[in-house]
Amino acid sequence: MDLTWAAQDEQFRAEARDWLAANVPRQPLPSGDTAAGFAAHLEWERALHADRWSVVSWPEEYGGRAASIWQWLIFEEEYYRAGAPQRVTQNGIFLLAPTIFEFGTKQQQDELLPRMAAAQDLWAQGWSEPGAGSDLAGISSRAVRDEQAGGWRLSGQKTWSTRGAFCTHLFGLFRTDPQAQRHRGLTYFLVPLDAPGVTVRGFDRLDGDEGFADVFFEDAFVPDSAVLGGVDQGWSVAMSTTGSERGLTLRSPGRFLKAAAALVALAGERGEAATDLLRDRVARSWMQAHAYQQFTLAQVTDIVEGRPAGARSSLNKVFWSELDIALHETALELLGPDALVDGPWTRGYQFSLSGPIYAGTNEIQRNIIAERLLGLARR
Amino acid sequence: MRFAPSDEQRELEAVVRQVLTDRCPPGTVRAGAGSAQVAALAESLAGLGVAGLLVAESDGGLGLDENHLVSVFEQIGYAAAPLPLTATLAVAPAVLSSGAPDLLVKLVEGGLTVGADPAVTGHVAFGSGVDLVLRGGFGGTGPIEILDVSDAAASTSPSVDVALDLTGYADARLVATVDDPQVVRLAWERGVLATSAELIGLSRRMLELTVEHVRAREQFGAPIGSFQAVKHHLATALLHLEFAAPVVAAAGFELAAGVPGRLRSLATAKALTSEAAHVVGRAALQCHGAIGYTTEYDLHLFLKRSWALESSWGSAAWHRAVLLEDLGVGLTGVRPAS
Ligand SMILES: Cc1cc2nc3c(=O)[nH]c(=O)nc-3n(C[C@H](O)[C@H](O)[C@H](O)COP(=O)(O)OP(=O)(O)OC[C@H]3O[C@@H](n4cnc5c(N)ncnc54)[C@H](O)[C@@H]3O)c2cc1C
């Protein structure tokens with residue numbers, strides 16, 4: 001056991017901290033899930049990229065710093081600590097990019113990754129459909145081969161696509177073999193949203209931000225180069241990244257450590273409202289945030305030593321999403337009647353409630369935990 | 001002993017329910033403050049004379065008591081009616097009869113809309129069209145100011161509940177100050193009771209919407225309501241609801257009968273209903289999935305109202321602390337309750 005950081009990691013931390021201190025916008029940006037806020041966030045994304053902080057773990061040729069996974073964790077921790085803006089590019093950088101690194105052709109990597117790092121291409125996740133949520137293999141959007149044109153014709157509808165109305169591209173699964181079993185005949189496509197036959201309709205989320213979109217495809221054409229990881233291979237390609245979404249890349253501990261620190265500060269400010277019962281909950285949240293950090297450090301060690309997280313990323317998902325809600329609920333109790341007014345904690349609470357829904361619902365995660373980690377029978 | 005609503009309570013409930021069914025569909029809640037739909041709803045409710053619910057018949061009211069208040073507010077919650085009904089129906093009668101009796105007549109006639117700001121936050125729920133604001137009295141102590149805001153400068157703040165019409169007033173005219181401890185106490189108790197009943201109605205509505213949804217929505221070739229995880233969420237939600245509703249009814253009775261130990265029942269009622277609405281709301285959202293996480297679907301109207309009410313008139317934690325104080329287990333950091 002050695003819980004000390006290496007000298008170069010400490011140095012990396014100091015460098016990140018200095019840069020963030022000098023560059024994080026003083027005024028919090030408006031929500032990135034609104035059109036105006038999204039534009040403001042793009043400026044920030046481009047500033048990050050300019051100094052090679054947008055994709056620290058990527059190779060230098062694609063705009064990164066070739067940082068280790070440890071350093072990536074450190075960066076995330078510093079990022080949240082500094083109160084830096086949400087990453088509106090996260091679906092591309094954290095979900096699509098690992099898949100491109102793993103399954104993409106050299107040409108796809110060279111073309112797509114630098115533009116993604118620079119926030120020139122903005123990627124939306126197009127997995128869900130009105131009839132296919134938890135049952136992702138139930139998708140009915142299809143892609144039909146167009147031999148003459150040398151590509152595919154897409155039709156169908158994707159929905160609940162985060163920031164879809166502001167993005168330029170979408171990655172999603174389409175059915176390419178209607179005859180095959182549900183999980184077979186699917187293909188992973190990369191689609192520009194300005195292609196003819198693609199229509200995007202933005203709509204409002206629970207909190208009123210227009211951060212959701214429906215994307216309709218009517219015989220939209222994409223060339224063969226839009227296929228990621230092989231025709232009819234979409235399911236296994238997609239599954240390789242769900243682990244990232246549930247576990248590490250989206251929910252680094254930094255976010256919860258920061259929220260726990262803010263909660264402790266709030267309890268201090270609201271001394272009068274902080275009953276013993278509430279203080280106990282503050283302590284509990286703080287402890288859980290720290291438990292999440294330690295769990296993550298152990299998990300990263302496993303990954304670094306060649307023991308991939310696999311179904312254990314479902315543990316992350318359930319834990320962080322429930323911790324996030326508990327943190328915010330406690331804050332709202334501390335705010336008392338002031339919790340009626342729209343503010344950072346109430347906004348954060350509303351967003352936290354989506355945690356147990358997206359990235360695979362917590363019910364589905366618990367099924368996975370029970371079946372794959374505990375070995376209980378499926379049904 | 002008969003722990004069930006009287007026939008008279010049921011009748012009143014049915015009449016109010018009918019008006020709300022006709023006049024307060026989700027479209028009215030969405031239309032919100034200042035809309036023709038909400039004005040029509042207010043008029044229909046005034047037509048029933050509900051403003052005089054707690055006012056003696058000798059003063060032109062219906063002469064009913066807190067038992068009826070519970071029945072009526074469950075219906076108001078079920079419909080998520082976007083009006084300051086807690087303040088107008090539940091809180092105002094005692095305060096006005098003590099501090100401004102002439103205004104009580106107007107209230108009974110349905111010609112007066114009243115808002116409340118018990119915690120003196122500067123925000124009045126459904127406040128943009130009110131004539132009077134009752135400020136103060138949080139926890140049943142301190143003075144309550146009766147403010148005439150008809151000529152005051154109003155400003156609205158965004159709220160967690162988009163339909164809440166959270167309004168602040170500058171330069172209101174002080175009509176009277178009520179500091180009779182018994183009146184302040186009664187006003188608070190009725191505000192807490194009405195809000196608790198409203199939370200029951202909201203919880204019922206959210207649970208109903210969800211049960212309907214999980215029966216119809218299919219994933220993996222089966223209605224999602226057939227999955228044990230979904231069933232358990234909703235079973236837990238129902239447990240919370242069913243064990244909170246009778247507590248509210250009992251608190252209503254104790255208030256009406258003037259039972260001395262009612263503080264405990266009332267604190268229990270608000271704590272349990274806040275918690276029930278919270279649990280039901282979370283289960284409802286979770287079982288709806290992403291559809292529930294949009295504003296195109298109706299669930300959010302009820303969910304957000306329940307959030308607003310959870311933190312109004314004392315949160316669950318606050319009322320639990322009150323109970324512990326009353327049970328002789330002092331906590332540090334509790335705001336005085338009596
Ligand atoms: C904030 C937010 C952002 C999102 N962003 C995107 C995005 O960018 N791109 C995208 O493609 N999608 C996105 N989604 C959609 C998300 O992926 C889906 O909501 C999720 O897959 C669940 O599907 P559903 O909403 O259809 O719920 P359903 O599948 O209808 O589930 C409803 C309920 O039934 C339960 N249930 C279903 N099946 C089972 C089972 N077998 N056992 C037990 N319980 C079960 C679920 O757990 C849930 O509680 C987003 C959702 C949210 C809330």
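Which polar backbone atom is 2.7 Å from an oxygen atom of the ligand? One of B:Gln286.

This is a predicted model, where local features need pLDDT of at least 70, side-chain atom pairs count only at pLDDT 80 or more, and totals for chains, interfaces and linings use all residues. Residues are numbered from 1 along each chain as written, chains are lettered from A and ligands numbered from 1 in written order, and side-chain values use heavy atoms, without hydrogens or water.

**View 1. The ligand site is shared between chains, because residues from chains A and B surround the ligand.** The shell holds 30 residues, each with a heavy atom within 4 Å of the ligand. Among the closest are A:Thr162 and B:Arg217.

**View 2. Polar contacts reach the ligand (pairs of N or O atoms within 3.5 Å).** A side-chain N or O atom of A:Thr162 is 2.6 Å from a ligand nitrogen. A polar side-chain atom of A:Thr361 lies 2.5 Å from a ligand oxygen.

**View 3. B:Phe138 and B:Trp318 form an edge-to-face aromatic pair.** Ring centres of such pairs lie within 6.5 Å, and edge-to-face planes are over 60 degrees apart. B:Phe138 and B:Trp318 are both buried (under 20% relative accessible area, with a 1.4 Å probe and protein chains only).

**View 4. The charged end of B:Arg205 sits over the ring of B:Tyr78.** The distance to the ring centre is 4.7 Å. For this term, NZ of Lys or CZ of Arg must be within 6 Å of the ring centre and within 35 degrees of the ring normal.

Key: A polar contact is a pair of N or O atoms within 3.5 Å; within protein, one must be able to donate a hydrogen and the other to accept it, and residues adjacent in sequence count only if both atoms are side-chain atoms. Rings of Phe, Tyr and Trp (its six-membered ring) pair if their centres lie within 6.5 Å; planes under 30 degrees apart count as stacked, over 60 as edge-to-face and the rest as tilted. Buried means under 20% relative accessible area, exposed over 50%, partly exposed in between (1.4 Å probe, protein chains only).
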